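Q: I would like to learn how to read strands, helices and chain contacts in a model such as this one. Could we go through the features in turn?

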Amino acid sequence: MKKIFKAGIAALSVAVMATSSMAADWTPPGPIKLMIGFKAGGGADTQARLIAEELEARLGWKFIPEQVTGKGGLNLANALKDQPNDGTAIGLVVTETLGYNMAAANAGMTPKDFTGLTTTAGFQMGVVARTDKGWKTFDDMIAAAKGGQEIRFGAMSPKLADLAYLLGKAQGVEFNIVSVKGGKGVMNGVNAGDLDVGFMAGIQAKGVAAGDLVNLASALSEPLVQSPVAPTFGDLGVEFTADGYFVFVGPAGMPDDAREALSQAIIAVVSDEGTKAGGLINKAFGGETTISGDDLTKLMASDYANAETLLVAASE
Amino acid sequence: MGLLTLAFAAVALFAWIPLDTQTGIIEKVRRQVAIGDALAPSVAAGFLILGGGLLVPVERNAEHQPRVSLRGLGFTAGLLAIICISFVAMRYSGPLVIWIVNSAQGGDLEYRLLRDTAPWKYIGFFIGGTLLISCAISLVEGQVSRKALFFSVLAVAAMIIIYDVPFDDLLLPPNGDV
């Protein structure tokens with residue numbers, strides 16, 4: 001038994017070493033088309049471009065960035081899935097694209113049409129209000145709603161609108177859910193007083209630090225780094241979360257050496273705070289979160305499956 | 001012109017827009033009504049119908065109607081043909097040159113992988129661009145001349161210098177689509 005165990009470990013080690021060695025040897029056969037599913041000039045776009053810039057400097061690879069925006073990343077997914085899978089075409093989206101957005105749109109695509117490379121960072125998704133509303137906690141807001149005040153709740157994606165609906169349902173109140181374009185739109189709405197509360201995915205950090213905004217709840221499975229006492233959605237009776245990440249993907253069937261080399265190269269850059277990309281991720285998104293390989297494949301599949309459950313729950 | 005506009009609007013409304021959009025004119029997403037991706041093009045097609053519909057009776061009854069001449073139609077057809085042929089040349093001359101090189105030397109070069117490498121990346125833009133400009137000049141002048149060819153080459157070279165040389169991340173046509 002011991003011998004078999006040892007032989008197994010040896011075989012596994014050889015396999016890992018072989019893959020690493022193959023990945024180290026891999027170089028893209030031509031320029032890499034880098035599709036970016038976010039508008040030019042924003043934090044996500046800057047992140048993608050800085051990663052590409054650093055990889056060009058470190059490895060001599062050539063990237064050609066291209067904006068492919070719209071439909072919550074589905075336009076990018078649609079364009080990327082038919083590109084060659086030799087590592088010369090990759091894209092940056094959020095996991096929500098491959099999960100909820102893909103499931104809700106019935107877009108004829110599933111995460112199986114893509115090769116997950118690596119995530120780069122998560123979101124600090126909070127339910128945020130202006131401090132001068134006078135709500136110190138989430139319960140204060142619910143008390144106001146139950147007292148007859150209409151709560152205008154900003155959400156920047158259909159999934160978040162569903163989560164806001166389920167949050168209200170769990171708390172016995174009905175929010176007036178307003179769809180807004182982008183997290184910046186939600187923050188502008190809250191700051192201008194057009195919205196009472198809204199989802200913000202990290203953009204609120206400065207306002208919270210300055211005392212102008214308050215994180216009333218964490219829409220994640222974990223507490224927010226900046227406001228650890230704010231209750232999570234689980235605490236508030238919602239079984240779904242807004243957990244999500246920026247993720248690099250390529251078309252399905254990418255060879256292991258290309259997948260490994262691209263993933264490792266991106267991880268090395270985002271994990272290094274000394275790089276511009278690493279610094280930005282640390283500052284804007286609360287630090288890197290890298291999930292790759294089989295773990296990422298499983299995450300993409302489970303996000304897609306959970307989206308179906310969320311869609312059903314939010315339809316009730 | 002009015003009838004052509006109406007025909008185009010009908011094709012857009014009943015064929016192009018339904019085939020190229022997904023959500024319809026309005027979309028109900030999870031208890032919320034949102035603008036669908038077919039709304040804007042449908043409104044545009046509506047304006048085309050309005051414009052075309054006005055042209056048919058109003059222009060037909062207007063004085064000093066310009067007559068459609070065979071010469072004018074020929075010029076338009078010639079210009080359209082030049083544009084189409086030049087675009088095809090722009091798109092495929094790079095891959096064609098690579099195919100010839102591979103056939104001659106037995107290599108396995110691939111145009112897509114060379115689309116950002118000089119001199120390959122300039123082949124399509126240079127041949128297609130030169131063809132487009134020189135043929136358009138020749139059509140207007142009514143004669144083929146070396147001068148037209150010379151100024152076409154000059155214009156295409158200037159565009160390469162302005163739009164490609166200073167920028168690392170920009171690709172000239174058709175290289176973004178290969």
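Predicted model: local features only at pLDDT ≥ 70, side-chain atom pairs only at ≥ 80, totals over all residues.

Q: What is the strand order in the open sheet of five strands?

A: In chain A the order is β2-β1-β3-β10-β4, and the pairing in this open sheet is mixed. Its edge strands, each pairing on one side only, are β2 (63-67) and β4 (114-122) of chain A. From one strand to the next, the twist averages 25 degrees.

Q: In which sense, parallel or antiparallel, do β4(A) and β10(A) pair?

A: When following a pairing by eye, remember that in a regular strand the side chains alternate between the two faces of the sheet. The pairing of β4(A) with strand β10 of chain A, residues 245-251, is antiparallel and extends over seven bridges; within it, Gly116(A) stands opposite Val249(A).

Q: Which strands does helix α2 of chain A lie across?

A: Helix α2 of chain A, residues 43-59, lies across β1 (32-36), β2, β3 (89-94), β4 and β10 of chain A, and runs at about 170 degrees to β2(A). Helix α9 of chain A, residues 256-270, lies across β3, β4 and β10 of chain A, running at about 5 degrees to β4(A).

Q: At roughly what angle do the axes of α4 and α11 of chain A cross?

A: The axes of helix α4 (residues 95-105) and helix α11 (residues 293-315), both of chain A, cross at roughly 40 degrees and come within 8 Å, and the crossing is right-handed. Among the residues making the contact are Leu98(A), Tyr100(A) and Met102(A) of α4(A), together with Leu299(A), Met300(A) and Leu310(A) of α11(A). By class, this contact has 11 nonpolar, three polar and two charged residues.

Q: How many residues of chain B are in contact with chain A?

A: The size of an interface is often given as the accessible area lost when the parts come together. Here we can count residues instead: 12 residues of chain B are in contact with 13 residues of chain A. The side of chain B that touches chain A has five nonpolar, one polar and six charged residues.

Technical notes
Residues numbered from 1 in each chain as written. Chains lettered and ligands numbered in written order. Contact = placed C-beta atoms within 7 Å. Nonpolar A, V, L, I, M, F, W, Y, C, P; charged D, E, K, R; others polar. Axes fitted to C-alpha atoms, helices over the stretch in contact; angles between N-to-C directions. Helix = DSSP H or I, 4+ residues; strand = E, 2+ residues; numbered from the N terminus. Left-handed = near helix turned anticlockwise from the far one by under 90°. Pairing = 2+ DSSP bridges.
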